[in-house]
Amino acid sequence: MHHRCPMADPSDSIRLLSLAAHTIERRDAEVLLAWCWRRTRTQLLASAGEPVPPTVAADFERACLQRAAGVPVAYLLGRREFWSMDFVVSPAVLVPRPETELLVQRLLHLVIAPAAQVADLGTGSGAIAIALATERPNWHVTGTDASPEALAVARENGTRLVGGRVEWMMGNWYAAVEGRRFDALVSNPPYIAADDPVLESDGLRHEPRRALTPGGDGTIRADDRDPCPGPLRRRPDGGPRRILRRAHVIPGRPFQPHGTMPLAEAP
Ligand SMILES: C[S@@+](CC[C@H](N)C(=O)[O-])C[C@H]1O[C@@H](n2cnc3c(N)ncnc32)[C@H](O)[C@@H]1O
């Protein structure tokens with residue numbers, strides 16, 4: 001979108017929001033204008049019609065252009081709420097999805113030892129691991145990822161939100177914690193086939209490829225160095241766009257590659 005957008009002209013918030021609504025969703029426009037103006041969305045709506053300072057309007061125009069090009073609002077803000085907490089996000093991590101809260105909920109409802117060892121494999125922003133650590137201060141939660149950039153974001157969130165109570169390990173799936181024993185494994189793995197055109201859609205194009213697809217047909221294959229086949233395998237009949245979330249729970253027993261349970265699927 002390269003046409004000139006007259007947002008830098010003297011204007012009020014109502015006019016700016018209606019201009020933006022031609023190219024991006026109204027709610028996104030409100031969130032972005034509030035963010036550029038360092039106000040909450042409620043404050044913005046309460047002061048509808050107020051003149052917007054030109055520098056704020058210019059920042060808003062830039063943000064709208066990026067949003068119109070498909071950049072997720074969360075990357076523009078550098079923030080996303082998950083489990084009622086404010087997570088830092090960057091293009092190195094998947095934007096945590098509200099549906100993933102179901103995975104946290106399901107795991108919390110399973111009976112697991114009070115001082116359990118739990119691992120979140122492919123932790124991204126650390127959303128699942130940190131939500132679990134918040135709810136179960138006596139669990140020892142470990143978050144792993146193969147991406148050092150993602151782990152840096154997870155670590156930052158862990159320090160801010162749970163005082164560093166989550167342990168972070170880098171490596172290929174279970175190999176990151178090889179030799180360790182867990183009461184529960186949880187994962188929201190990548191599952192999309194590498195040639196699925198959905199990867200180029202506005203919603204996903206800007207997110208890390210590795211967070212979306214493991215390559216090939218979207219199935220994570222077990223090998224000797226990757227001994228975690230159960231929780232990370234796609235449903236046998238699952239289409240490439242189905243979201244598969246599983247918790248791998250073995251109460252009171254060490255990790256074994258069976259006993260997985262499907263948690264939630266969304267189209
Ligand atoms: C779908 S994202 C999930 C992120 C986060 N758990 C969430 O639910 O928001 C999958 C994550 O798996 C990580 N990942 C991809 N391949 C991996 C591998 N071979 N070993 C460990 N983690 C991997 C990606 O870097 C990404 O952070």
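Begin by selecting helix H4, residues 54–68, whose 15 residues reach 21 Å from first C-alpha to last, close to the 21 Å expected at 1.5 Å a residue (the expected span is 1.5 Å times one less than the number of residues; helices are DSSP runs of H or I with at least four residues, strands runs of E with at least two, numbered from the N terminus). The model is predicted, so local features need pLDDT of at least 70 and side-chain atom pairs count only at pLDDT 80 or more, while totals for chains, interfaces and linings use all residues. Residues are numbered from 1 along each chain as its sequence is written.

Within H4, colour Val56, Ala57, Phe60, Glu61, Ala63, Cys64 and Arg67, which are buried (20 or more other C-beta atoms, placed from the backbone, within 10 Å of the residue's own). After H4 comes Gly70, with a positive phi near 100 degrees.

Next, select Leu32, Leu33, Phe60, Val118 and Leu132, which touch the most other members of the 59-residue largest nonpolar core (a set of buried Ala, Val, Leu, Ile, Met, Phe, Trp, Tyr and Cys residues joined through C-beta atoms within 7 Å). Helix H7, residues 127–135, gives the most to this core, with 7 residues. Because domain 1 (6–69) and domain 2 (88–266) both contribute residues, the core lies between them; these bounds come from an automatic or database domain assignment.

Finally, turn to the ligand: of the 22 residues around it, Gly122, Gly124, Ala146, Asn188 and Ala211 come nearest (C-beta atom, placed from the backbone, within 6 Å). H7, strand S6 (140–145) and helix H9 (209–212) each supply at least two residues of this shell.

Technical notes:
Buried ≥ 20, exposed ≤ 12 C-beta atoms within 10 Å, placed from the backbone.
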